[in-house]
Amino acid sequence: MVTGSSSGRPWTFYALAAFFTLFVLFLYGPMSAIFILSFQGPNGGLTFPMNGVSFHWFAALVAQQRSGDFVGSFGRSITLAALVLVITVVISIMAGLAFRYRFRGATAVFYMAIASLIMPGLLLGLGVGLMFQFAHIPPAWFSSALGAQLTWTLPFGLLIMFAVFSRFNRAYEEAARDLGASQWQTLWHVVLPILLPGIIGVALFGFTLSYDEFPRTLIPIGSRNTLPLEIWAMTTDVTSPALYALGTLTTAVSFVVIALALTSIALIQRRRARRERDRADRREGRAAAPTAAAARVGAGSGDA
Amino acid sequence: MRAPQTTPPRLTSAPYLLVAPLALVLIVFFGIPLLLVVVVSFFDLDKFDIIPTFVLTNYSELFGSSLTYALYAKTIKYALMVWAITLVIGFTVSYFLVFHVRTVLWQIALFLLCTVPFWTSNVIRMISWIPFLGRNGLFNQSLMALGLTQRPVEFLLFSDFSVVIAYVHLFSLFMIVPIFNSMARIDRAVIEAAADGGASRFRIITDIVIPLSKTGIALGSIFVIALVMGDFFVVKVMSGGQSASVVAAMSNEIAILQYPPAAANAVCLLVLVTLMVAVIMRVVDVRRELSG
């Protein structure tokens with residue numbers, strides 16, 4: 001462990017590394033099985049062995065409406081997830097800023113968020129469904145289901161904002177204000193850009209948690225399903241690899257979203273690291289070799 | 001958590017305006033619905049219509065049935081088993097990542113490797129166990145190929161075993177992330193000092209690492225217990241309909257529009273989950289650690 005010399009690993013490293021590898025296999029192994037099975041031949045079944053390789057079941061998803069309204073529910077899921085993303089990001093940033101102050105009711109709001117997070121999803125859906133029923137408002141994916149999903153994404157957003165703000169250095173904010181920036185300018189040009197990686201994290205959570213959510217959405221969805229609800233319906237009555245094809249597609253969409261979010265975070269961090277390096281170089285270079293430093297600054301500003 | 005810093009400029013109404021949207025959404029879509037569930041649990045039921053009165057029959061029927069106790073016992077059993085397994089996994093994986101992986105880049109990469117499945121569909125991840133554990137599944141085929149068994153093992157799928165496996169698969173992330181988070185903040189100097197003082201690896205874990213990561217352990221435990229207690233779909237699909245949990249029974253009642261008995265059941269479950277969470281929060285002050 002930490003005490004070990006820099007060469008040679010203690011035996012515990014190998015034991016723990018083996019445990020970790022097994023855990024990763026446990027996480028990804030079964031998922032890879034259904035990705036392979038979704039390419040079953042037309043006569044293939046739900047289990048191995050593979051009976052030929054084809055895109056038959058992907059085509060079946062779009063062609064036959066037997067398995068439900070796949071295209072429509074996919075569109076609704078994406079739209080709903082985008083709505084949830086925007087609302088979650090805006091409200092979480094505002095709440096994160098609020099919790100930097102001391103204010104009456106802070107503890108109550110905090111505990112309400114935690115309670116909302118751990119409330120069994122189906123029960124919350126039941127409550128939201130009852131509320132719309134009593135108010136004589138027909139439930140729909142863009143009203144009742146949207147609200148039910150926010151009770152799940154907002155607490156996550158709030159917790160991430162806590163983590164982000166606890167690492168935020170207030171000196172930047174004070175410097176901006178000392179230089180005459182207004183509250184809005186400080187927020188828009190200093191605070192938010194610094195917090196951007198964390199905000200992308202909130203967006204990633206907002207989108208993917210909504211896109212895959214179903215226990216909370218099940219009751220207050222109204223008459224038109226989202227994709228996870230279609231999948232849920234399929235698990236009980238579809239017994240063909242079309243189910244796996246749908247699983248592969250929806251997971252591919254998730255992976256694209258995750259990759260986009262993580263790549264943009266990595267790019268932001270790299271650009272920051274490069275700027276800091278350039279700045280350090282400039283400071284050192286000015287004393288030692290002014291011409292070389294000037295050349296590098298020129299190159300640096302060129303690709304910035 | 002942080003040393004007191006200079007406070008942002010005093011603007012007395014600012015925090016209230018900033019927190020208002022969050023509070024509003026939570027009150028409308030969490031507070032009021034929760035209240036309605038409690039209210040409806042005292043309503044009466046006439047065939048399929050809800051009658052707004054005040055009766056205790058929903059509760060008396062709930063507590064009068066031996067099935068209720070069996071369901072709660074089963075649900076608590078699942079929760080405790082999954083909690084114990086995910087705790088061991090969460091602690092071991094975090095410990096490996098924090099104290100054995102040396103470069104930050106590798107640490108981030110391996111941590112992300114663990115968290116990516118969390119951002120994909122739970123239903124898909126759950127059903128992916130079916131072709132894996134079934135009679136002709138990969139697991140049985142490997143066992144037979146290795147000559148460990150002649151005939152396929154039957155107990156793997158549609159049993160308590162497959163239910164617990166699926167829970168652990170779905171929810172271990174909720175244990176890893178908070179434990180990793182608190183372990184990563186442990187000051188290395190403390191551990192080096194203990195090692196210099198002659199503490200064994202085991203003593204360092206029991207006397208330093210565990211006490212200092214207790215917030216993460218508490219948060220992870222709250223998540224896992226609440227998720228298992230509130231689940232209905234894993235137990236329905238992975239037990240092949242042979243087992244049930246409190247919420248699975250409730251979802252059957254809801255499916256036939258029996259809202260008042262379902263609501264009474266919901267209230268009991270919520271009281272139980274709240275008690276379990278309160279016990280954990282009593283041991284560890286989660287809020288102070290979180291919001292600083």
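User: How many contacts beyond four places in sequence does the model have for residues 289-304 of chain A, where pLDDT stays under 50?

Analyst: For residues 289-304 of chain A the model has nine such contacts, and pLDDT stays under 50 there; pLDDT is the predictor's confidence in each residue, from 0 to 100, and two residues are in contact if their C-beta atoms, placed from the backbone, lie within 7 Å. This is a predicted model, in which local features need pLDDT of at least 70 and side-chain atom pairs count only at pLDDT 80 or more, while totals for chains, interfaces and linings use all residues. Residues are numbered from 1 along each chain as its sequence is written, with chains lettered from A and ligands numbered from 1 in the order in which they are written.

User: And which other residues of chain A have pLDDT under 50?

Analyst: Residues 1-6 of chain A also stay under 50, and the model has 12 contacts beyond four places in sequence for them. Where pLDDT is low, the predicted coordinates should not be read in detail. Chain A as a whole averages 84, with 89% of its residues scoring at least 70.

User: OK, what is chain A built from?

Analyst: Chain A has 11 helices and zero strands, where helices (H or I, at least four residues) and strands (E, at least two) are DSSP runs numbered from the N terminus. Of its 304 residues, 40% count as buried, a term for residues with 20 or more other C-beta atoms within 10 Å of their own.

User: How many residues of chain A are in contact with chain B?

Analyst: On the side of chain A there are 74, and they are in contact with 81 residues of chain B. Helix 1 of chain A, residues 11-37, gives the largest share of the chain A side, with 15 residues. That side divides into 55 nonpolar, 15 polar and four charged residues, where Ala, Val, Leu, Ile, Met, Phe, Trp, Tyr, Cys and Pro count as nonpolar, Asp, Glu, Lys and Arg as charged, and the others, Gly among them, as polar.

User: Let's pick one residue: why does Ala98(A) count as buried?

Analyst: Ala98(A) counts as buried because it has 23 C-beta neighbours inside 10 Å. Ala98(A) lies in helix 3 of chain A, residues 70-98, and, leaving aside neighbours within four places in sequence, is in contact with Phe103(A), Pro15(B), Leu18(B) and Val19(B).

User: Switching to chain B, what does it contain?

Analyst: Chain B has 15 helices and two strands, and its C-alpha trace spans about 75 × 70 × 30 Å along its principal axes. Buried residues make up 43% of the 292 residues in chain B.

User: At what angle do helix 13 and helix 14 of chain B cross?

Analyst: Helix 13 (residues 246-255) and helix 14 (residues 259-283) of chain B cross at roughly 160 degrees, and their axes come within 8 Å; axes are lines fitted to C-alpha atoms over the stretch in contact, and angles run from 0 to 180 degrees between N-to-C directions. The two helices are therefore roughly antiparallel, which is the term for angles over 145 degrees.

User: Which residues meet there?

Analyst: Among them are Val246(B), Met250(B) and Ile254(B) in helix 13 of chain B, and Tyr259(B), Ala262(B) and Leu269(B) in helix 14 of chain B. By class, this contact has nine nonpolar, one polar and one charged residues.

Notes: Buried ≥ 20, exposed ≤ 12 C-beta atoms within 10 Å, placed from the backbone. Parallel < 35°, antiparallel > 145°, perpendicular 65-115°, else oblique.
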